[in-house]
Amino acid sequence: QVQLVESGGGLVQPGGSLRLSCAASGFPFSTYAMSWYRQTPGKERELVASISIISISGGSTNYADSVKGRFTISRNNVKNMVYLQMNSLKPEDTAVYYCNAKSPYSREYWGQGTQVTVSS
């Protein structure tokens, strides 16, 4: 049974930090690219950050322009975990954050989401 379980969301003040975690199980994690998306009411889900599979030549990351320099995505293929470190948070970062797994053959899985609220 495939599972992606996000955790780490919550309420934080502007300028603060949060670390989201996603625990994966039920599929060959190391062969899947992993991403974080976010969605606010009335808007489409948007890609926040992604990290490729780790190859001999290394892995690659990609970020939305709005989070570059503030967010960092990482993965641990031993623990089957993916993380999103979010620093210098802004009110516009408020959203439900979703963990996503995608295989090279476009098989795709989603987590249930975790709420992040940035407010004073």
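This is a predicted model: local features need pLDDT of at least 70, side-chain atom pairs count only at pLDDT 80 or more; totals for chains, interfaces and linings use all residues.

Reader: Okay, so how far away is the nearest side chain of opposite charge to Glu6?

Author: That would be Arg45, and it sits 7.4 Å away.

Reader: Then which backbone nitrogens lie by polar atoms of the Glu6 side chain?

Author: There are Gln112 and Gly113 to look at. The backbone nitrogen of Gln112 lies 3.1 Å from a polar atom of the Glu6 side chain, and for the backbone nitrogen of Gly113 the distance is 2.9 Å.

Reader: Where in the fold is Glu6?

Author: Glu6 is in strand 1, which covers residues 3-7.

Reader: And what else does Glu6 touch?

Author: Leaving out residues up to four places away in sequence, its contacts include Trp36, Tyr97, Tyr98 and Thr114. Cys22 and Cys99 are among them too.

Reader: New topic, then: how many disulfides does the structure hold?

Author: One. Cys22 and Cys99 form it, with their sulfur atoms 2.1 Å apart. The pair ties together distant parts of the chain, 77 residues apart: Cys22 is in strand 3 (residues 18-25) and Cys99 in strand 9 (residues 95-102).

Reader: Are those two cysteines buried or exposed?

Author: Both Cys22 and Cys99 are buried.

Reader: Last one: why is the disulfide called left-handed?

Author: Because the torsion about the S-S bond of Cys22 and Cys99 is about -85°.

Conventions: Residues are numbered from 1 along each chain as its sequence is written. Side-chain values use heavy atoms; hydrogens and water are left out. Helices (H or I, at least four residues) and strands (E, at least two) are DSSP runs, numbered from the N terminus. Buried means under 20% relative accessible area, exposed over 50%, partly exposed in between (1.4 Å probe, protein chains only). Lys and Arg count as positive and Asp and Glu as negative; His and the chain ends are not counted. A salt bridge is a side-chain nitrogen of Lys or Arg within 4 Å of a carboxyl oxygen of Asp or Glu. A polar contact is a pair of N or O atoms within 3.5 Å; within protein, one must be able to donate a hydrogen and the other to accept it, and residues adjacent in sequence count only if both atoms are side-chain atoms. Contact means heavy atoms within 4.5 Å. A disulfide is a pair of cysteine sulfur atoms within 2.5 Å.
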